[in-house]
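Here is a brief report on the structure shown below. The text begins with a single residue and widens from there.

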Amino acid sequence: IANHTHPYFNVDHGYLEGLVRGLKAGILTRSDYHNLAQCDTLEDMKLHLQSTDYGSLLTAGNEDLTVSLIDHRLKENILTEFRCLRSHSLPPLSTFLDYITYSYMIDNVVMLITGALKQRDVAELLPRCHPLGMFDQMAAVGIARTPAELYSAILVDTPLALFFQDAVSEANLDEMGAEIIRNKLYKAYLEAFYKFCQESGGATKNIMCPILEFEADRRAFIITVNSFGTDLSGVGRSALYPSCGRLYPEGLRLLARAEDYEQVKAVADYYPDYKLIFDEPEAGSSRTLEDRFFEREVKLNTLAFLEQFHLGVFYSYLKLKEQEARNIIWIAECVTQRQKSKIDNYIPIF
Amino acid sequence: MDSFFRSEEMCLVQLFFQTESAHNCINELGHLGLVQFKDLNPGTVAFQRRFVKEVKKCEEMERILRFLENEVVKSNIPIPADFTSETIPVPRDVLDLESRFDKLEQELKEINSNRDTLRQNFTQLMEINHLLKVFDAFLFYPHDRFVAGVIKHERFPAFEKILWRLFHGNFVLRHAEIKPHEEENMDPVKKDVFVVFVQGDQIRGKIRKLCDGFHASMYPCPNNAYARKEMRTNVNTRIEDLRLVLKRTEEFRETTLTAAAANLQEWASKVKKMKAIYYTLNLCNIDITQKLIVAEIWCPVSDLNSVHTALIHGSEQSGSSLSPVVNRIQTQQTPPTFNRVTSFTSGFQSIIDAYGVGNYQEINPAVHCFDCNVSYPSLQLIDMLVDGRYIIFLMGLFSIYTGLIYNDCFSKSFNVFGSSWSVRPMFHPHGPWTNDTLHDSGHLHLDPLVSGVYSGNPYPFGVDPIWNIASNKLSFLNSYKMKMSVIMGVAHMLFGVTLSLVNYINLKDVALQFIPEVIFMLSLFGYLIFLILYKWCVVMKSESAPSILLLFINMMLFDYSSEGTVLYRTQKPVQIFLVVVAVLMVPWLLFAKPLLLYRKHKQLKFLSLLFCLSLFFGVKKAFVSLQVSMADIFVYQGIHTIEYCLGCISNTASYLRLWALSLAHAELSEVLWKMVLQVALRVTSGMGSVLLAVTFAAFAVLTVTILLVMEGLSAFLHALRLHWVEFQNKFYKGSGYKFTPLSFDRMRDMQ
């Protein structure tokens, strides 16, 4: 992969970078959220969103306005934008964008496996898959009974095959197994993506590596916290930790040994950034650990826009847009369920 | 005529009309298009306004209209051309239209969904038909374990691959592409028929699951030949039936849509007006009794009468007993800027508005826009007809004019009046030249002192054509054009400063700003122009003529020791006087205005002290804000002074771009002549004519693309810059806001 220096970047990616920066200007601001949070009904929200870049997104069609409809439309919107970017992109940006979709593919595969284990119909499951992670062979995922079969029959043709080297086993699939496959795939995926960004060099490396490091560490923390109370051992856990984060190697070794939340917190204390996240929130704030991770992610992603001529903006834009969708959905949920007290728990972006 | 130079005089008017007549009144005003409604509920968010429900209803109707239009366009039904309805949308229309639209939409949706199911059935039947047709060919021997179905063409390879991977080849797969039927082209998706023969029920179940995942439709297929044949005839009759039903549905749909299409334009304009009216009503206040609507509008003073008439007309239409009240109110607020334009001036006005909308009643620079186009050299005609056609037309005229002045057309000169210079007198016996001189020297010098060489009368119009063949043509024309640029630049800027006078008379500080500015510019750059003109007018030996550049620099440095800097006798005292005056203007400009304000402010302070004693708190507040703004005034004036004084120098230099452009243009046209056309003209053999035809084509193309289009564009851009920066910063603030009246005509144009 060529080391992209400034003068050549714009030849291939200048248009798209301009486009994505233009789109970024349409991300909702604090005052938008403030106005949205004052709404009493979804209709009010719709009216306000009309004055933003979303325009007539919610007005098309005459279905009843529900939270799930909003969610659907927002996802569709992100998808349209991403497809536009992807279809105009040239390598290495196209590869980079593909890498972004792999994480959704992993989630989709795991969802289909767990769905099949619960005897759900494929036709019912497919619409619930994330559209960014759609691929042809997806429909067949439910047929596989072991990870080995999953790999050799179905996923071998997909880009996910690359991440499968650790996950192949002959054990029967169960729900726990599906989770483990997810994390193993994710680990391999993150490491590969990290390597790709590192080889890209330049500003792409400077921007993307911290984001992916954070992503890796977040997964490590979350895996550890979620594994308490299950039969996943410390050794089993450490096989799932992505090794491209800043916790690697010392922090991960400590995490593998942790047995309760306090010990995880003690590990985080060694790292100033993570210490902030794990610190007790000030009284009155109802932010969960997840929220605080999201906040940190948003912060890292907004930094990407400070530099030019790199691929990170595309990743960051997508992630910020997803966060925005989460925010709108959160507000919409609060509005429909009349939970005005919790409405301010969204995470403002700009 | 006043409105030609300035924006219109506007007034704030309060309107009161009855709620019932509101629709008619606003409708009339919308047709008039001369009234801008002021938002009387600024802090209110969109969804808290009064008529938000009605606006929503209109939006819903618009959505249905869009839906209808889509359907109409999809079915290739023509929409009747532009239709302007004069009917007034009244509130009961909304209900009427709404129910009508709802009904229409439902009906159409029902038809569509019926049609879709019918079509789906039809495709399914067609697919079964195909399957049955090809099934026999697939069958080697009777076999009863198979899965048969139809899959999308592009999914088939992936499907096949997965089958192989899963069952390791323990199956027989047959497939055939469905040839699309001509008449049933409503389903243009390419599809494949496939039959998989396998052993074992478990595997069949898996394949079924797989088919589900791949969105393949599976069809039961009898495994004996007779049953298949029977099924086929059965299917065929059903296909025929369906075809008939489909046709009927299609016809019905078309009639419904044609009926809708006829009214579509009228409805659209009605709904649009309706929405505009409700949107406007949202800006107004409603009296507590709900009977009266209060609106505040900006409108041109000269149109006040027509506004009033429109209102009365509107209320009469609604049959209201009370006529609307128009109440002009005094206000401190800055009115919007409104410049009436015609098709000739609109191009210039939009250039100005692109820079900034003028302050209220600020002098309008658009009027003077064309004087900067003078700068464009060389003879050329541009006959492009684009949006700014008048700008281009004027540019063309001025180009021709400057071309004539420089006597330069395709780098050649016209000798219309006969040159004032003559070579013959230079020869023996009158002058020093002999035949030998011609042979010996490369350059010959025409001496105007020899009698008869220069006739004494300059060439009547433009540059003497003899310069075109002179070897020092370039240095002559350069010096000439450079000086012309400076003269024009200074004149242009002085004109700008003078225009600021007209703004100041409104604001009453001519002495503090205008006079020092003019004196500063005149005493330095006006003197420079004087030097240039003086040097042109007196005859001097070229060796002893002082350079104006050096002279001017030395004047600023008070350096009179070096030789050759004296142009006339009293030069030294005059120059010293002028520089001192110019320098004195700087503190005048810098301090006079703030100090005067400071004095006024001190008097005010005394007054406000009195007020404070009487415990008048509001004034104290005002007094504090005044003190804060004093520092602002000092800083602002400082910036303005520095900008103006330095600007005079750099802007003058900036006008040299006129010379640079002219030089580049003249050189380019010379290159095109010499390197392209002349090459062919020099060929004397018979092939010369052919070569000429070829080179002329190249010459013509290059002339048009480079000299006309490219250079024309660059000349326009430079003129624009000179106008925006060098000219406008002398007088134009451009920080007003534009008058945006409610206008139905404009709304229609925007579509």
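B:N285 counts as partly exposed, because its relative accessibility is 32%. This model is predicted. B:N285 sits in strand β7 of chain B, residues 285-286. Leaving out residues up to four places away in sequence, B:N285 touches B:L40, B:N41, B:L292, B:I293 and B:V294. B:N285 also lies 9.2 Å from B:R50, C-alpha to C-alpha, although 235 residues separate the two in sequence.

**Chain B overall**

Chain B holds 19 helices and nine strands. Of its 751 residues, 43% are buried. Take the contacts in chain B between residues at least 6 apart in sequence: 81% of them join residues at least 24 apart.

**Strand β1 and its partners**

How many of the nine residues of strand β1 (residues 10-18) of chain B are buried? Eight are, so β1 of chain B is largely enclosed by the rest of the structure. β1(B) pairs with strand β8 (residues 292-300) of chain B in the antiparallel sense, over nine bridges. There B:Q14 stands opposite B:E296. β1(B) also pairs with strand β9 (residues 325-329) of chain B, again antiparallel, over five bridges. In that pairing B:L15 faces B:V326 as its opposite residue.

**The four-stranded sheet**

An open sheet in chain B has four strands in the order β4-β5-β3-β6, with antiparallel pairing. Its edge strands are β4 (172-177) and β6 (217-218) of chain B, each pairing on one side only. Strands β3 (residues 146-152) and β5 (residues 191-197) of chain B are joined by seven antiparallel bridges. One of the opposite pairs is B:G149 with B:F194 of β5(B). Helix α6 (residues 201-213) of chain B lies across β3, β5 and β6 of chain B. The helix runs at about 10° to β3(B).

**Nonpolar cores**

Which residues of the largest nonpolar core touch the most other members? They are A:F96, A:L150 and A:F193, in a core of 140 residues. A:F96 touches A:F193, A:F196, A:C197, A:M208, A:L311, A:G312, A:F314 and A:Y315, not counting residues up to four places away in sequence. A second, separate core has 49 residues, including B:L15, B:C25, B:F101 and B:V271.

**A buried loop serine**

B:S743 lies in the loop between α18 (688-727) and α19 (744-750) of chain B. Is B:S743 buried or exposed? Buried, because its relative accessible area is 11%, under the 20% cut-off. Beyond its neighbours within four places in sequence, B:S743 is in contact with B:G30 and B:G33.

**Salt bridges**

Over all chains, the structure has 32 salt bridges.

| Pair | N to O distance |
|---|---|
| A:E17 and A:R21 | 3.0 Å |
| B:K275 and B:E62 | 3.2 Å |
| B:K191 and B:E127 | 2.9 Å |
| B:K56 and A:D44 | 4.0 Å |

A:E17 and A:R21 both lie in helix α1 (residues 6-24) of chain A, four residues apart, about one turn of the helix. A:E17 counts as buried, at 3% relative accessibility. A:R21 is partly exposed, with a relative accessible area of 23%.

B:K275 lies in helix α7 (residues 225-283) of chain B and B:E62 in helix α3 (residues 52-74) of chain B, so the pair ties together parts that are 213 residues apart in sequence. B:K275 is partly exposed at 24% relative accessibility. B:E62 is buried, with a relative accessible area of 16%.

B:K191 lies in strand β5 of chain B and B:E127 in helix α4 (residues 91-138) of chain B, so the pair ties together parts that are 64 residues apart in sequence. Both B:K191 and B:E127 are buried. Salt bridges that share partners also join B:E71, B:K74, B:R115, B:R119, B:E250 and B:R253 into one network.

**Between the chains**

The contact takes 26 residues from chain A and 22 residues from chain B. The area buried between chain A and chain B is about 2100 Å², with 60% from carbon and sulfur atoms. How many salt bridges are counted between chain A and chain B? The count is one. B:K56 and A:D44 meet through their side chains in a salt bridge, at 4.0 Å from N to O.

Notes
Residues are numbered from 1 along each chain as its sequence is written. Chains are lettered from A and ligands numbered from 1 in the order in which they are written. This is a predicted model: local features need pLDDT of at least 70, side-chain atom pairs count only at pLDDT 80 or more; totals for chains, interfaces and linings use all residues. Side-chain values use heavy atoms; hydrogens and water are left out. Two strands pair if DSSP finds at least two bridges between them. Helices (H or I, at least four residues) and strands (E, at least two) are DSSP runs, numbered from the N terminus. Contact means heavy atoms within 4.5 Å. Axes are lines fitted to C-alpha atoms, for helices over the stretch in contact, and angles run from 0 to 180 degrees between N-to-C directions. A nonpolar core is a set of buried Ala, Val, Leu, Ile, Met, Phe, Trp, Tyr and Cys residues joined through side-chain atoms within 4.5 Å. Buried means under 20% relative accessible area, exposed over 50%, partly exposed in between (1.4 Å probe, protein chains only). Buried area is the accessible area (1.4 Å probe) that two parts lose on being put together, summed over both.
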